[in-house]
Amino acid sequence: MRRFSLFNATSLTFGFAFLYLPMVILIIYSFNASQLVTVWAGFSTRWYGELLRDQEFLDAAWVTLRVAVFSSTIATVLGTMAATVIVRAGRFKGRTLFSGMIYAPLVMPEVITGLSLLLLFIGIGLDRGILTVVLAHTTFSMCYVSVVVSSRLATFDTALEEAALDLGCSPFEAFRLVTLPIIAPAVISGWLLAFTLSLDDLVIASFTTGPSATTLPIKIFSAVRLGVSPQINALSTILIAFVAVGVIAASLATKRAAVRADKDARAAERAAG
Amino acid sequence: MNQTVFAPWDDPDEKPLIQFRNVTKRFGDFTAIDDLTLDIYAQEFFALLGPSGCGKTTMMRMLAGFETPTEGNILLSGQDIAPIPPNKRAVNMMFQSYALFPHLSVRDNIAFGLRRESKDKAKIDERVEEMLRLTRLTKFAGRKPHQISGGQRQRVALARSLAKAPKLLLLDEPLGALDRKLREETQFELMDIQEKTGTTFVIVTHDQEEAMTVASRVAVMDEGKLIQVATPDVIYEAPNSVYVADFIGDVNIVEGRASQTGDKVDVAWAEGQPPIHATTQKRFDRDAQCYFAIRPEKVHISKERDDSRPNVLQGKVIDIAYLGNISTYHVRLADGTMMKAQSANTRRLANRGITWEDEVWLSFTDTAGVMLAR
Ligand SMILES: Nc1ncnc2c1ncn2[C@@H]1O[C@H](COP(=O)(O)OP(=O)(O)O)[C@@H](O)[C@H]1O
Ligand SMILES: [Mg+2]
C-alpha cells in the first residue's frame, strides 16, 4: 500500500475544502435562527417553514419541477433515438457530421445556446413561458443523454436484436422488448442527468423564460441581488439535496449495469472456456 | 422390408426447398460468396464445411434475411425471399454466439418467438414445456441465461429456435463451445429432433467429424465457392480434389505423372521407385500432372514384404502416433517421401512387432486410393 503522506493528506483536505466548503457553509447557515446571514444565533428550521409558506417560492419550485420532468423525459426519448442512429446505422453519408452535431452543444457556451434559442422563439413567434423553457432544456440535455446511451449501445451485442427479428419481432418490437430493457440502466441514468441539469440551469432559462414562468435558479439569483436571506440558503440546501440524490442515483444505475454486464461476460467466458 | 434411401437430390422430380441461384455477396470490394449455385431439399440435414472466413456464416445470414445477395437470388419453396424481411420468414436461426436474451428467463427466452405470433397462452405454455422436456431444461426454466452452464445455454438457444417449428432451421456452429462428450450427445439429440420434427436443418461447422456424423449431405467450401457437395461417404471416399481430400480426414497425397490404359493408371512419382498402380474412371493425358490420394487406414503395414497387393513400397518408421484403438505409423520411403499407414490395435502393445526405426513394407490395392487431377 502506498503511504498516506502528509503532503497527500494536505492536498486532499485543501482540494475538498475548496470544492465543498462553500456548500457546507450554505447548508449550515440555512439552519441559522438569526435573520442576519453572517451571524450565528442557534439552530432552527424556521426558514424552511417560512419557505413553505412563501407562495412565490412554491410557484417557482412547481415550475422548475415541471420543466425538469418534461424536458428530461423528452430529452431521454430523443437522445436515445439519436444514440441508436449514431451507433447502429453504420457508415452512412454524413455520419461524422451528424454525430458531431449532436455532441456540439456539449461544448457550446450556454450564453450562445440561450441567445440563439431566444432568437428562434422570437422568430417563430412563440410566447415565452414554460413551454419555451422545456424546449430549451430538452435541446441541451438530450446531448448528455445521447452520450450516456450511446456508450452503452456501443457494447450491446447486435446479435440479440437480430435474434429478436428472427423470432418474428418487427424492428420496433425488437427495440422495445430486447434492446430497451437491456440498456434501461443507461437510459435511466441519462434521464436523471438531464433532470438535474434542468433543475440547476440559470443561463438558458433566463434567456428563454417569460414573466409567467420563473424557475428556482432564476428566483434565487434575483433574490440574492437584493441581499442574501436565510430563506435563500434553505432553498439552496433543498436544491443541493435534490441534485445530489439525482447524481448519486444516476451513477448507481450506471455502476449496477456495469457490474451486471461484467458478471454476464464472466459467466459467458466460463461457459466457453 | 422396403426401406427407401433418403436421397431427394438424385430424384429429378423432387423440388428443392432452398435454391441458391448464382448468388454473389460482396462486402465493399471483398467477395465473400462467389457465384454460388446450390439446392437443398426438404428434411435434409445439410452441413456447410470449410475453413474460417470462407463464407459459411454469410450464407446463413442471407437465408435468415440479415444480408441480401449482391447478385443472384435465393428461393425458398420456389419463391424469391429477397423482399421478405427476417421477421416474416419461416426460417429460424441459432446464432453462433447463442444470442440469448439476458434479461429473460430460460422459459421466456423459449416462449419469445411464440408470443410474437399467438395470444393463446395455454398453447404457448404447452409448447414451451414440450421444448423444455425435449432439451432437458425443465429444471432450469426459471433461471436467467447467466445462471446456467454453456451446454445448457446452447440447448436454450436450440429450443428457442425450434419452438416455432420453422420450415428451415439454421445452426451456426451450434456445438462449438461444448466439450467432446456433450457435443457427441447433442449431435445425436439433433438428429433425433430432426427425425421427430421433419425440419430441414442447415448446419455450419468447421469440425469435419461433426459434419460426417450428422449430415445427409456435406458442402465443402473455400473462399466463397463450393468445392464439392455430396453425401459424407462420397466426400470421404471419392473427394473431387486434393483440397477436399485434405480437408476431410487424414490423407497421403502423392504427386506424379499419369500414364493410362483403360481404367488403369500408372503414376510415376519418384526416380527409381516403381510406379503406383491405380484405378480410375477419369481420363488423364499421358504425362499429365496428377495426384494420388490414399487414406492411411487403407495402407497396409508389415515387417515382411507382402506381395498380395499390387503396390508395395519399402520404408522406415520415423514416428508412431498411438491413439488407443489405432496407431498411425509415419514411414519415410526410400526417396524421402513420408507416407502414413494406420492399423487397428487388435493386440496389446507388447505383442505388436513394429517400432521406431524398423524397416517396413507398405502395400495397398489398386482401388484403395483415388486419382485426382487437381
Ligand atoms: N459485414 C461484413 N463486412 C465486411 N466483411 C464481412 C462482413 N461479414 C463477413 N465478412 C467477411 O466475409 C468473409 C466470410 O465471413 P463469414 O461468412 O463470417 O465466414 P465463416 O465461414 O467463418 O462463417 C470473411 O472474410 C469476413 O471477413
Ligand atoms: Mg462463422
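Me: How many salt bridges are there over all chains?
Reply: The count comes to 24 salt bridges over all chains. Please note that this is a predicted model.

Me: Which residue forms a salt bridge with Arg107(B)?
Reply: The partner is Glu129(B), and the closest N and O atoms are 2.9 Å apart. Arg107(B) belongs to helix α2 (residues 106-117) of chain B and Glu129(B) to helix α3 (residues 121-134), so the pair links distant parts of the chain, 22 residues apart.

Me: What does Lys340(B) meet in a salt bridge?
Reply: Its side chain meets that of Asp250(B), at 2.8 Å from N to O. Lys340(B) sits in strand β18 (residues 338-344) and Asp250(B) in the loop between α8 (242-247) and β11 (252-261), all in chain B, so the pair ties together parts that are 90 residues apart in sequence.

Me: Which residues are joined into one network by salt bridges that share partners?
Reply: The network consists of Glu162(A), Lys25(B), Arg61(B) and Glu67(B).

Me: Changing topic: which residues form the positive surface patch?
Reply: Arg256(A), Arg260(A), Lys263(A) and Lys144(B) form it. Of these, Arg256(A) lies in helix α11 (residues 230-272) of chain A and is exposed, with a relative accessible area of 60%.

Me: Where does UniProt place the "transmembrane region" annotation in chain A?
Reply: The unreviewed UniProt entry lists several stretches, including residues 102-124 and 130-153. Over residues 130-153 the chain is 100% helix, with the end C-alpha atoms 33 Å apart. Residues 102-124 are 87% helix, and their end C-alpha atoms are 23 Å apart.

Methods:
Residues are numbered from 1 along each chain as its sequence is written. Chains are lettered from A and ligands numbered from 1 in the order in which they are written. This is a predicted model: local features need pLDDT of at least 70, side-chain atom pairs count only at pLDDT 80 or more; totals for chains, interfaces and linings use all residues. Side-chain values use heavy atoms; hydrogens and water are left out. Patches are made of residues with over 30% relative accessible area and no salt bridge: like charges are joined within 9 Å, nonpolar side chains (Val, Leu, Ile, Met, Phe, Trp, Tyr) within 5 Å. Accessible areas come from the Shrake-Rupley method with a 1.4 Å probe; for residues, only the protein chains shown count as cover. A salt bridge is a side-chain nitrogen of Lys or Arg within 4 Å of a carboxyl oxygen of Asp or Glu. Lys and Arg count as positive and Asp and Glu as negative; His and the chain ends are not counted. The place of a charge is taken as NZ of Lys, CZ of Arg, CG of Asp or CD of Glu. Helices (H or I, at least four residues) and strands (E, at least two) are DSSP runs, numbered from the N terminus. Buried means under 20% relative accessible area, exposed over 50%, partly exposed in between (1.4 Å probe, protein chains only). UniProt positions are given in the numbering used here, feature names are shortened, and annotations may be inferred rather than shown by experiment.
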